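Please open the structure in your viewer and keep the selection tool at hand, as this tour goes from one stop to the next.

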Amino acid sequence: MSGCSTACKRSSRRKLESMLLLPVHCYAHTLNLVLSDSASVDVQVISLFNDLEALYVLFSKTQRIHDLFEAVQLEENLKVLSLKRLNTVLWHSRELCLKVLLSRYDCILSVLETVALDSLIDGNPRKTSIGLLKQIQTKQFLATAYLFREIFASTGPLSRYLQRVDVDFGKALGMVESAIDELNELRKQPELIIRYVEQKHDSPSIKTMLGGFIIHGYFGLWTLIVKSLGMMLAVAAGLSLGKEGPLVHVACCCGNVFAKLFPKYRKNEAKKREVLSAASAAGVSVAFGAPIGGVLFSLEEVSYYFPMKTLWRSFFCAMVAAVTLKYMNPYGTGKLVLFYVKYTTPWKVFELVPFTLLGVFGVSFF
């Protein structure tokens, strides 16, 4: 009898608890289903998540590519992340996968480029890498990815809050209204997404080459000869032309021509791009007599992939270029540049204070 009574008590307690429980998870699940259904009707969105799934399959199924992805992240002193598998029902899985893609975008490009150019990798992995390398660098892909990053930033906290046990529906309603307002503002400000895309995609030809695209003859020997002669004739004619772009182009041509003399660089496009990054730094160093500025130019403006070893090699290359220019003394003044500031009075000690504060504020805001 006692056992039967205990069973009845348990059954009654379960019925009572089921009546008191609120279907909290249903609201979050409904939100996720609405977002998933909305994302399944647009071609660009479908293509985005199909490419993310293809990246996951490529990086997870091929051990060599998986190890290469980890090695690239470690070389950049980054936390090792792995691409997440997509789930058609769980909206959060899309958010996680997209987050890894955007945070490790340059590393993924480097891996795909290495696999695409590696003749030792045959079959589907190499073909898939070539296709994905072209696809994830298109403006449509980047625009859609950044758009959904903003959508996830608005809807993600709401979805996670609705899954909590102690959910406050008054606060949840306020979060819903806030998410709707943020999405409406995003719709009214498409320039936000355009700016993100332009930062990643829009670039001059040298940046395009360093990003993995091949423009045949752009850094060739004939280009070097014609560019050099054209620069000399333009200066002799007294034309007012900038020298940064031409000198960077000439330096990259020299780097490309000399790289072809060594099999290590001639057969490896990734290594060749490291040489071009150092060459672009040397070009700016010669143009302005600023080797550190040349390294920063190569790091921030033209290079998609810039590991630590390339940083030091680029700095050494830029220093050698500046020292060579100093000894050549082309202007007959002993200066690295044609126009320079001549100081008549030395600097004062109190000037160190504002410059120190400027450096502190610069690092803080950076």
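**First stop: α6 and α7**

Begin by selecting Leu109, Leu112, Glu113, Val115, Ala116 and Leu117 in α6, which meet Pro125, Arg126, Ser129, Ile130, Leu132 and Leu133 in α7, where contact means heavy atoms within 4.5 Å. By class, this contact of α6 with α7 has 9 nonpolar, 1 polar and 2 charged residues (Ala, Val, Leu, Ile, Met, Phe, Trp, Tyr, Cys and Pro count as nonpolar, Asp, Glu, Lys and Arg as charged, and the others, Gly among them, as polar).

The model is predicted, so local features need pLDDT of at least 70 and side-chain atom pairs count only at pLDDT 80 or more, while totals for chains, interfaces and linings use all residues. Residues are numbered from 1 along each chain as its sequence is written, and side-chain values use heavy atoms, with hydrogens and water left out.

Now show the whole of helix α6 (residues 105–117) and helix α7 (residues 124–135), which pack at an angle of about 135° with their axes 8 Å apart. Helices here are DSSP runs (H or I, at least four residues), numbered from the N terminus, and axes are lines fitted to C-alpha atoms over the stretch in contact, with angles from 0 to 180 degrees between N-to-C directions. The two helices α6 and α7 are therefore oblique to each other, given that angles under 35 degrees count as roughly parallel, over 145 as roughly antiparallel, 65 to 115 as roughly perpendicular and the rest as oblique.

**Second stop: Thr144**

Next, select Thr144, which is found in helix α8 (residues 139–162). Is Thr144 buried or exposed? At 9% relative accessibility, Thr144 counts as buried (buried means under 20% relative accessible area, exposed over 50%, partly exposed in between, with a 1.4 Å probe and protein chains only). Leaving aside residues up to four places away in sequence, Thr144 touches Gln44, Val45 and Leu48.

Move on to helix α12 (residues 221–236) and helix α13 (residues 244–259), which pack at an angle of about 150°, with their axes 9 Å apart. That makes α12 roughly antiparallel to α13.

**Last stop: the cysteines**

How many disulfides does a search of the whole structure find? The search finds 0 disulfides, a disulfide being a pair of cysteine sulfur atoms within 2.5 Å. Select Cys254, whose sulfur is 7.0 Å from the closest cysteine sulfur, in Cys253, too far for a bond. Cys254 is partly exposed, with a relative accessible area of 27%, whereas Cys97, at 1% relative accessibility, counts as buried.
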